[in-house]
Every structure is written in structure tokens, then in C-alpha cells.
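Thank you for making time this morning.

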Number of protein chains: 4
Amino acid sequence: MTIRLGENQYGKAETHVVRVTKRGRGGAVQEAKHEIKDMTVTVMLAGDFEAVHLTGDNRAVVPTDTQKNAVFALAKEDVGEIEEFGLRLGRHFLSEYAPVRRARIAIAEQPWTRIQAGGGPHPHAFEHAGAERRTTTVTCVRDAEWVVSGLSDLTLLKTTGSEFWGYAKDRYTTLPETHDRVLATAVEARWRYLDTDVDWADARIESRRLMIETFANKHSLSLQQTLYAMGEAVLEARPEIGEVRFSMPNKHHFVVDLEPFGLENDNEVFYAADRPYGLIEGTVVRDDVAPADQAW
Amino acid sequence: MTIRLGENQYGKAETHVVRVTKRGRGGAVQEAKHEIKDMTVTVMLAGDFEAVHLTGDNRAVVPTDTQKNAVFALAKEDVGEIEEFGLRLGRHFLSEYAPVRRARIAIAEQPWTRIQAGGGPHPHAFEHAGAERRTTTVTCVRDAEWVVSGLSDLTLLKTTGSEFWGYAKDRYTTLPETHDRVLATAVEARWRYLDTDVDWADARIESRRLMIETFANKHSLSLQQTLYAMGEAVLEARPEIGEVRFSMPNKHHFVVDLEPFGLENDNEVFYAADRPYGLIEGTVVRDDVAPADQAW
Amino acid sequence: MTIRLGENQYGKAETHVVRVTKRGRGGAVQEAKHEIKDMTVTVMLAGDFEAVHLTGDNRAVVPTDTQKNAVFALAKEDVGEIEEFGLRLGRHFLSEYAPVRRARIAIAEQPWTRIQAGGGPHPHAFEHAGAERRTTTVTCVRDAEWVVSGLSDLTLLKTTGSEFWGYAKDRYTTLPETHDRVLATAVEARWRYLDTDVDWADARIESRRLMIETFANKHSLSLQQTLYAMGEAVLEARPEIGEVRFSMPNKHHFVVDLEPFGLENDNEVFYAADRPYGLIEGTVVRDDVAPADQAW
Amino acid sequence: MTIRLGENQYGKAETHVVRVTKRGRGGAVQEAKHEIKDMTVTVMLAGDFEAVHLTGDNRAVVPTDTQKNAVFALAKEDVGEIEEFGLRLGRHFLSEYAPVRRARIAIAEQPWTRIQAGGGPHPHAFEHAGAERRTTTVTCVRDAEWVVSGLSDLTLLKTTGSEFWGYAKDRYTTLPETHDRVLATAVEARWRYLDTDVDWADARIESRRLMIETFANKHSLSLQQTLYAMGEAVLEARPEIGEVRFSMPNKHHFVVDLEPFGLENDNEVFYAADRPYGLIEGTVVRDDVAPADQAW
């Protein structure tokens, strides 16, 4: 029997860096218009790291503290979109350190909205835009790069236009069929770009818009059908994207039984349950695109 | 030595009720325009509840399950603003149950935004408006009622227009003074109304706007000064409000030292820390208004 | 109309300090037996802080950063029990800074257990003892001091020996009475000491033991009755404690209806619900003890 | 261009079921000794589910509500260890529903400890044993079954016996080398069994003990070295286990600089940071064992 090291990676997780960019009208700093980029960055490196595991020999190890410093230092340059910043970071670790064979950079961006004050946008005051996050995972190896971008915690709900019936039944079935229900979910979507020469902001804004509009407009016979339609809408419109993966909880809204109180409930009063919840995970892909499991 | 029961209250916490209201154009349900009200409701009752504590005699006890049912049943009527719904619930428990001497209803509302789809607002599809919550605490006793409303998780940040210097110094002082820093906080504000005949929606919208604009526009020498100015702005503009209480963490954004890497950092790259954090709590009140500690 | 500053306090919240104490057998450090004290400390100061609120004049302000430094510096001395450390901190802020009129120190301690390795206790390796926290809130003013200690997240459950029946009924009642149910709660208890000359460790260990044993042994007709009995047990046994306050959620375990599947369920299979939950809050006090609202 | 459905699965997540088993001494129920099993169960099914995605045809779909019912119904039988319960559930879904080609059951168990009351163990009263969870993931397909078990949130710390030096250095390195540091982590470990005929309880208890003892006793030159040694200890002792995967955050404990206050800090006072944190992920495997990626 021999025991050996299998798959492994390590890095600094969740460095929370906020980058302020001042676009001046000359003059005093405080007259300039500021931009803000709020990112939580995770670096994970894989490569020739057998020695440190087997004997504690750290010669090949870039300390995670150094990785954190690199995140801050590279953020000093204009960061651009998170995909661009992820690529810069991934290339940095790959090119600087010989033992590193794969650098993976995951970024979650908290968007901020400019405060409206006194009738116009404020030059340097902001509020959180919401719970939704913009995400990207950039993976760099010696001869390839992949960018998977996405969003998380996009909570959507429709109060009608959703049905659920005609499903398999057995001795454990008690759920009544319905032709009108509330459908709610918190979308986590990730889409894989086919190369790295992309208008990241445009692709993100449009993909997000298409998913939301499809959720709203598509009459739903199941959350699976809605999920597939959302992915299809993105792939049909965005040739730079090859694949979309979704994880969508079914956030159950149960019609409260008001009959004991002599009241009707025509899909008006709902109990929003936390757990358990349905969980629907699915991938929508182009047929003519090579798989890339390393990208995720 | 005698041991006795002191202050006590009980109730059902965090009933998550979603109320859908359909404002029809006649015809099919799905052509109607839907409204959504998403509330997490906590009921707490106080009164003559000695027996249950001392002997387990439940005769005076309204089960928390019944309270939950009442929340759902009363939500069947048009709920209106959360302050109105809170008042209806508080009055219900007080008038229905003789042993109840104080009913306190706390509601947190998750706002939803109508989805824009195909160029216009969708009639029945929504997305979460963000992490911010609208709150109210309604307290009803036999001869009085108080409404305290508020908001929580309103995260604000300004990238300049904030200083901190001239503070007390001693042997434990290491913080350098600054004339330009990032100021960030997650506002929890609660304001007490002076009566219950109020345009709740208007008062909320305007109070919120005034707090946000003050945060943005007021040049800050300390978070305390900003807090006070925010409360003052509300009290000056809204005669129906007698008092504002704030709890505002100082969400530190530390300037990263980039000198070891040969880089300057002119307030551009920040490390956003989680803990520890400053915490500023303060009340701004009208001088001519009687205190009402029972309201909070 | 005059607007003025009301109640206010500020400080550094959640400084997470870990203090290692090495009790040596002489010789190499690594042969010594180590002790660990893991505390999250919140300092809140009140006093003459009008100027900073009204004009941003910081002369009276001890920066929260300095407070954090003081926490670390004072932890260099042997910290002892959290009540002792809280008192040292409270006295420090009160005596060092003239504008401070009240210093409140809240500490949550994470207990660690020594790892058993190779048949005996390890001298310097530990594991988390659980989710339960030891808490204290020490309040110091110029002429008085109060210590309120407690525990949180002590989750208890009994599978029988609990009933609930004989309660008030009305049109919203649907809950069936029961003479045998699961009773579960996550105890948050806080007890007020009558002075500061106390064997803190002994008082804590015994109070905790009495509450847990009472929960287990007392046949329960309601969670209120259990709560009261837990407080009574502490007050009867511990003369140094004058008052106990509880906040105890009723963590509902619902008997699952297995009849549709042709199965009986004799209190064997439960669905453990998250929300909503009952919430029971109560105080048990000695009759002959003066109230001390400032202590909480 | 053709768009198609890729990988997908769905199910009911986080059904929180508590199973009470009464082992009687005859006589009254309340004299029996009760056992408690507290499980949060997630079911995920994959198979022939194209129709529901493409057209909303639900004929092949077992509703997640039915899955939840099955969890409750099967829990009515004696559940045994979570691995056994997972296998029973997985086999149930696979054998009952033709379209299902893979059933994956993930269970997290909250352990409870019997309360000691009046000098002995109480027959039916319990307290949470801590934050650590026992986990299992059982995967069943038509011709194979895999069991991966594990634990999460096992927080360990050693106050000495850990070094970190000799690592790669570059222009972004600022971390000083150390020959004595605090090492702390929250272990998430998962180990793959080589078949399903296992003494689950014994394997779990021993694997856990070996990991904890190795963490305590192994002098550490890096967290990677500790991780590998922990996995090696399990594989050497437990022939039924083929592979162990770890995810171990480096929970940094930074030595506080007390020099500005005229104090020495000989690894006594630490600041326990939340974020960012190092993250070490690694696999330890037997050389002679076939990989089984489907199991995870």
C-alpha cells in the first residue's frame, strides 16, 4: 500500500479590496468624480506542491500573505471589470512563480449605486445596490485561460404565470396539483465565455437582462423549464458564451389555509418557507462547443 | 427571601407572510396588475401571565400558533403600509384577550421592485429591491399607542469629505490623524411618530431621503457629527416625528500601505475590514416632546 | 422647536482577542502547559460627548482604535475570568478619560477544550467546546459597578415530559392540545450579580448546571413554567445573584403526519422548523433587591 | 447552432428531520430511555429529465415535496447511522422511479449529548454537542454505490508546535518568518469508503480521533504538512477508506504588536482575524485505488 498526495490547491480567500478611482476636473480632489470598485478576491494556486505536503519544505510556496499583497498592489492600477482584474491576477501568479501550474481567481463584486442628492448624482457618495453579487472565476494554466462569470443572490418572484401538475405520483405523494402558483427563486448563474476578448460589461448586462426578462415573461410549467429558457435566451443572443450553469432554489410560497377562519384565499396570502426547499441545478450548452471542466 | 416574576412577554416571532394584491382590469387574473407585500412579523404580548410561569396554568395564554394564524388572517384584508398592519394587529390582540395589557408588533419589510421586461413594468414579476429593510414597531396598551418606524442595512459610503483628527491621545493611541478618509456605515435608524394619524409612506420616503442626502452632503469631522446631522434633518422637516435613534457601525476602510511595493496610495486602495468595527449609537430628539420609553 | 442630543454611546465592537498563558515546567517553551482565553470584546462609552455630535469637535473622543489597543494591552496581563477582565477594562476607561461617565464592556467567550491525545490531555492543543458562549456585561460609572453574566446558544431538548393544553381558544385557534411533546430551546440567560466580589467561575458553573438540570427534570406544562423554574433554581442556590433574565425561543418540533403513508407516528418523527418560532422572554427576581436597569 | 440540456439534477434540500427512538423498560413511556437522531437531509436526483426542461412536461418528475415525504416516512423505521439512512433513501429513489439514474443523498447530522442531571445521564433530555457536524454523501446509480462521509466545523488550534519559514520570496513578500506560531483551522474532511459493508460508527469515531491527534501531535512546518499527515493517519489505520479530502482554512492569529505600549508580546496576545484567510485544500489517496469522481 502506498499513500500519496492527490489533487490540491491553496491560496488566500476573501481579500476584501475597495478601489476608488478619481476622475478629476483638475482642481481640488473633492471636486473630482469618484468611482468605486468593491471586490472580494480569492486566489487559489495549484502546481508542484508535493514537498510542502510531505515534508513541510516550503521552498515552492508563495505565502497566502504575499498573494494578498499582490491583490492590493495590482488593484493600484485601474482594475477595470472584474474579469480583467481576474485575468491580470491569474497571469501574474502564473508568470511569477515556476511551481504554479494553475492559478484560479474568484471575485465577488458588491455593486454600489451613486447617491442622488439635491437633484443629481453625488460625485463621491454611494449606497449598496443590493444583495446581488457579480461574480467571476478566472482560471489560467500555461497554455489556456478560461473565464466563467455570473451572478448570485438575484431573488426573483412571479405571483402568477406558473403551474405545476402532471408529475409522477406514488404512495408518498400528497402535493396537490396547481395551475396557478407563486414562483420564487434566488438565481445563481454562471456562464462560460469562449475566449477572453470580450466586452465584459456589455455581456454581463445583457445576459442578466435576458435571464430576468425570461423569468418574467415565460409561462412556467416547472422551475426546470424556466431555468432552461433562461439559459437558452442567453446562448441565443450571446455568441461569446458557450454554456450556462444554474443553481436555483425553489423558494416555496405556500397558500395559507384560511378556511378555518371562514376566509377565502385566492392566492393572496402566502407563507414563505425557509427550509426545506426545492433545488434545481441545470446546465444549458451549445452542442458545438468543447467541454471545459477545468474552467469551473 | 421571596422570588417573583419580573418583566415578561411572549409571542410568535418571524412569521414570514407575503400578501399579493391583484388590481384587476377585469378579465383573466393574469392580466391584472399585482402588488406584493413581503413582511416578517413578530408579535409579543405582555400582561397578566403570572399563572403560566408559576404553575403552568395556561388559561390566560394565547398560543403563539394562534398569533401566527391571526397574522395570516388579518393579512387577508388589504394590508396597506406596515405601520397600518402593525396597528391592526396590535389592536386585535389587545381587544380580543383580556389578560393582554401590551401588544407589540415588529415588522420587517423586504421591498420588491417590479421587473422591467420588454420596455415596461411587468404586471406580476418582481425582484428583491436590496438588502435594506423597512421596519416598524407598533406598541399598543389600553390607553395609548406608539409607532416607531425605521430602516436597517442601508449601507452608505463616501470616498472623501470625511476627516478624523483632534481627538484625545494617550499611551494607547496609535491611530494617525487624517483629513481625508473613506466613511462607510450600515445605517439602522428608528424614528418615533408623535401620533398615529400619519401619511406613513410619505414620512418614510422623505425621512430616508433626508438621511441619505445628509450623509452625502454633510462634510464629516466624525461619524457622530454625521449621525446627529442626519437626525436633525429629519426632525427639522417632519413635525410628525419626535425622536430618531441611530445605530451606525463605522465600517473601517483602511488605506493599504503599498510603500513596500514601491507604490503610492493616495486614498485609492483600501482594505475593508469586518471586525472589530466602531459602533456609534445616538438619539436626536425634540426638546419639547415627552419621552416614551415604552415605545421602543 | 429645539433639537438636541439624547442618549448616546460609542465604542469599538467585537475585538477578537485570544490570550495564551504558558504555565511552564521551566525548560523549553513547548513543554509548558498552555491555557487559552478566547474573547470577543465590545467597549461602549457614554459621557460628555455633545461637542463631537454638534460640531465635530473630537477633543473629548477616545478613538475606538485606542480602545482596541487598550483591550490588547490589558490582555497582556493575566486576564482571569471574563468578569474580571471586563471590570479591569471598565475601570480603565473610566479613570483614564474625564469625559467618560459610563463604560460598558461586553465580552463573549468561546470556550475551548483541551484535546485528548495519546491517552492524556495535550499541553497546547485545543478544540472548540461548542456553539455555546459565555457572556458578561460589565457597567462602570463613577460611583457604582454592575456585572451581568450569562450564556447564549445553549440548545436544549427533551423528547417527553412536556405538555401544552388548557390555553385560551378563539376563532383563530387551530393548534391541538397535547400531553406529550418535544420541548426544545436555545437558552439565552443573563444574571445580575449583587456585587463584584464573587467567585465568578463557581457561580457560572453552578448557575449553568442548575438551569440545565431544571430544564431536564422539571415536568413542563409550558415553556414559561420551565423558564421560571430555571431562574428560581438559580436564585435559590446563589445568593450573589439578584435577578435572571431569559430569552428562550420555542424551537418547534412538529409531529409529522405519516397517516397518508399508512404509518403511525407515536412522537417518533419530527419536522424541526426554523421560522416562525415562539419566543418567551421573562425575568425572575428577588423581591428584596433594588432594581438596576443601568446594569443591562 | 444547437442548444441542449447538459448536466442537471434536482431535489429537496435541507429537510430537517428529528427521529426519536424509545428503548423501553416496558411501563410508562416516560420511563423509557430515548435516543435522538437529528438530520438535515438533501435529496438530489439525476436521470431522464429532458422533457421537463424543454417543454415543462412533468411526467418523469418526482416532486421535491414527495421526496420530503419519503424522508419522513423512511425515518419512521430505525434510522441507524446516517450512512445507512442515506443508502436506504438512495436505493428507494432509484428503485421506485424509472427515470432516476442517480440518487444522491447528503446528510448533515447535529449530534446531541445526554444531559447529566442528578448524578447520572437523563433518559430523555439532551443538549447540542457543539457546532461540529457529521456528514455523509451517498450516491447510488443502477450498478454502483458510493459513500463519502465526513465532518465539518471541527475547529482546532495549537498554541505552539507550528512554524512557517523558508518560503518563496519576491517583491510582494512582507510576511516575517516564524519558528513559533499559533495554528488554527476549522476542518472540513470527507473520506471515501471503498465499499458499503462498513462499521460506520467505528470508522467515523476512529477517523476523527486520528485526525485530531495528528493535528495535536505532529510538529507543523506548514498547514499543508499537517493536512497530509492527518489524511495519512486515517488511510494507514482504516483499510475501508480509500481517499480523504480536506478543506482547511488557516484561521490567522496575528501576534499583536504591543511595543508601542512598552509591553513585550511573547506569543501571548493574538488578534484572531476573520478575513482574509488562507485556504488549504488537499487530497490524500491510496495509490492502488481506482478514482471515483462520481462519489463526491
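Let me begin with a definition, since I will need it several times: two strands pair if DSSP finds at least two bridges between them. Helices (H or I, at least four residues) and strands (E, at least two) are themselves DSSP runs, numbered from the N terminus. What you see is a predicted model, in which local features need pLDDT of at least 70 and side-chain atom pairs count only at pLDDT 80 or more, while totals for chains, interfaces and linings use all residues. Residues are numbered from 1 along each chain as its sequence is written, and chains are lettered from A and ligands numbered from 1 in the order in which they are written.

With that in hand, which residue of β8(D) stands opposite C:A125? It is D:K158, and the strands concerned, β6 (residues 120–128) of chain C and β8(D), run antiparallel and are joined by three bridges.

Now turn to chains A and D, whose contact takes 68 residues from chain A and 68 residues from chain D. On the side of chain A, β1(A) gives the most, with 11 residues, and that side holds 29 nonpolar, 23 polar and 16 charged residues. The strand β1(A) is also joined by nine bridges to strand β13 (residues 277–286) of chain D, and the two run antiparallel; within β13(D), D:V285 is the bridge partner of A:R4.

Finally, consider helix α5 (residues 223–237) of chain A, whose 15 residues should span 21 Å at 1.5 Å a residue, which agrees with end C-alpha atoms 22 Å apart; the expected span is 1.5 Å times one less than the number of residues. Is this helix enclosed or open, and why? Because 13 of its 15 residues are buried, α5(A) is largely enclosed by the rest of the structure, where buried means that 20 or more other C-beta atoms, placed from the backbone, lie within 10 Å of a residue's own.

Definitions and conventions
Buried ≥ 20, exposed ≤ 12 C-beta atoms within 10 Å, placed from the backbone. Contact = placed C-beta atoms within 7 Å. Nonpolar A, V, L, I, M, F, W, Y, C, P; charged D, E, K, R; others polar.
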